[in-house]
Structure formats: structure tokens, C-alpha cells
Amino acid sequence: MAVPPSDRRPLTLRDVSEASGVSEMTVSRVLRNRGDVSATTRARVLEAAKRLGYVPNKIAGALASQRVNLVAVIIPSLSNMVFPEVLTGISRTLEETELQPVVGVTDYQPEKEEKVLYEMLSWRPSGVIVAGLEHSDAARAMLAAAGIPVVEIMDTDGTPIDAAVGISHRRAGREMGQAILASGYRRIGFMGTRLGLDHRARKRFEGFTEALAKGGVEIEDREFYTDGSALAKGREMTKAMMERSPELDFLYYSNDMIGAGGLLWLQEQGYDVPNRIGLAGFNDVRLLQGLPTKLATMDSCRQEIGSRAAEIILGRLDTDEAPGNKVELTPRINPGDTLRAP
């Protein structure tokens, strides 16, 4: 029976005990999945707890263990389609365990990351999964002193505080640059986010320009933006760049969403893709797989990154495995329909 609004208060073990007709000690054993309790009694207790809406108070247990069964997951954005897939990997790996992910968003702002990290660590989570290897000195100090598993995700181009799972973005950019040159393109434009706070996009750009330079090619035009990645932004930037530099024969975008916007604009203008002009993005976003023309891209291993990060947290809690893990996954180029064969 639900508690009347006028009597709302935190439910206790006694409430479940009275509703199920067993002792508080038995209720505690059932809810903690401890001790020898008959299947009939266990079912009666769980049914009563569910009917009442009882949620155990784990703060008391946390005082003894110095941690709660939460994993802090700190990401820069929820609007970016990359991170929901990472969260899916984390959630699926933890769903059969006692651990639950709790998400904080930083909007790519170091000072906001500090605040989110401070609040989350104050709850003494069982582990932290945080995007990127670049943090403020204060954030690094908090992570290093947390005394729990810390997994930095998405990037392996650097030294992690504890463990890391991701891809080498410099390698990703370098391999895409090599593939573009191998297909015979030489007059290349680049469009993407401003590279100050998006460290992974900056590293891909560095790897990309390094590969072009080794092939004797330089980027002829570039354009950066600060708003969210969207089809409209890709259309707008592509139009501006092609009107400014009509001789370009390839456009490299820092993500698939603006790349898809550029593809749509080019097709509307009658460009022969990929013969007159080729283009490629990054991330292999599933949403775009239904387009009639498939954008060339590179898979960033998002869901696997989430899964492997959660596995590291679980492994460290179960076996006290030594810190220092670095798991580098291998991104793959999908040439789609916009990168001609070498």
C-alpha cells in the first residue's frame, strides 16, 4: 500500500518487515542478498518492498565501505551523438552488476569539469570514467587522489592518470590523410570544430596534416565553427568554402554530421561525388547509414570504448589489479560512396 502524501517519509526496514511479516534482520538479508533465506520468504519480502516503493539507504553501508555502488561518468556533451553510444557500452557492461553509472556533463569546459568531478567524488563512487586525457591541474589532482579506479576514455595519445581506453586520434587523422592521397586527391579543404578545447579533433587534424605534408600536400582552405555539429552547419560551411575555393577536390570534415550536410549541398549543386570532389567525416554515426549516398568515414569504436572502460572498473574492484592499463582500439576507414578507390 502506497504511503499517503500527508505521511510521506523515508521508508525503513521496519515498514518492509511489517508488510511482509518477517523480521527486520531477514528483510536486511534479503535486500542485501546475504544469508540463508528460503525462496518463499525472499519472494514475500521482495514483493512487499516493491509494492511499498522501498529503496535501501546505501549511505549507511557506504560509511563502512567508504564507497557507493555508483560509477561517475563524465562526458563533454549529450547532444553529440558520439557519447550516447559510449554510455550504451558502459551501461550494458554494468547492468548485471551492482554498479550503476551516473552521468555528468562538462560542455568541454575545464572549470565545469572540475565542479562536476568535485561533486561526484564527494559521493565516493566506486570508479570514474572521464572523457579525454586533458584536464586542469585541480581535476588531475582530484582524480589522482581519489583512491578508486579512474579510466580516461576516447583517447590514447598521452599518459593516463590511471587507465585509458580509446583510439589514437593522431593515427586516425594520419590514416585518413594517407587514404585520401592514395585515391589521387590533392586540393584539400578542412572543416571542423575550433581546436582549442576539442583536444581529440585537434589531434586528428595534426595527424591529418602530417600525412598530407609527407605526401607534399598542404591544406588549401579551412573553416572552423563553435556551435553544435549539425547538417545545417555542414551545408553552410561547404557552400562558403566551395564559393571561396572552387578548385578543391576533397573536403575533410571533423565529424560525420557536418560532412553529411556538406554532401547534401554538393549533390544539390550537381557535383560529381566522388570523381569531381571527394569527402570524408569521422565517427561512422549510425544515424547516417540510411542516406542514399554513404559518407566516407572512420569508426571511432564508441560502444567498445564504453564496454572496455566498464570492464576495467569491474576488474579493478574484483581483483585489485594494478593501475596503468592502456587499451588502444583500432579505428577502421569505411570509404562509403564519397572516397574513390585508389
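Let's begin with helix H5, residues 82-94: at 1.5 Å a residue its 13 residues should span 18 Å, and its end C-alpha atoms are 19 Å apart, which agrees. The expected span here is 1.5 Å times one less than the number of residues in the helix. Helices (H or I, at least four residues) and strands (E, at least two) are DSSP runs numbered from the N terminus. This is a predicted model, in which local features need pLDDT of at least 70 and side-chain atom pairs count only at pLDDT 80 or more, while totals for chains, interfaces and linings use all residues. Residues are numbered from 1 along each chain as its sequence is written, and side-chain values use heavy atoms, with hydrogens and water left out.

Which residues of H5 are buried? Among them are Val-82, Phe-83, Leu-87 and Ile-90. Buried means under 20% relative accessible area, exposed over 50%, and partly exposed in between (1.4 Å probe, protein chains only). The buried residues of H5 pack against strands S1 (70-75), S2 (100-105), S3 (127-131) and S4 (150-155), and also against helices H9 (199-214) and H12 (302-319).

Now follow strand S1, which is mostly covered, with 5 of its 6 residues buried. S1 and S2 run parallel and are joined by 6 bridges; Ile-75, for instance, has Val-105 in S2 as its bridge partner. S1 also runs parallel to S3, through 4 bridges, and here Val-71 is partnered with Gly-127. Two strands pair if DSSP finds at least two bridges between them. Together, S1, H5 and S2 make a right-handed β-α-β unit: with the strands pointing away from the viewer, the path from the first strand over the helix to the second runs clockwise.

Next, look inside. The largest nonpolar core has 47 residues, of which Ile-129, Val-151 and Ile-153 touch the most other members. Such a core is a set of buried Ala, Val, Leu, Ile, Met, Phe, Trp, Tyr and Cys residues joined through side-chain atoms within 4.5 Å. A second, separate core of 16 residues includes Met-241 and Tyr-253.

Finally, step back to the whole protein, which has 12 helices and 12 strands. Its radius of gyration is 25 Å, well over the 20 Å that the globule rule gives for 342 residues, so the protein is more spread out than a compact globule. That radius is taken over C-alpha atoms, and the rule is 2.2 Å times the number of residues to the power 0.38. Along the principal axes, the C-alpha atoms fill a box of roughly 80 × 40 × 35 Å.

Definitions and conventions. Contact = heavy atoms within 4.5 Å.
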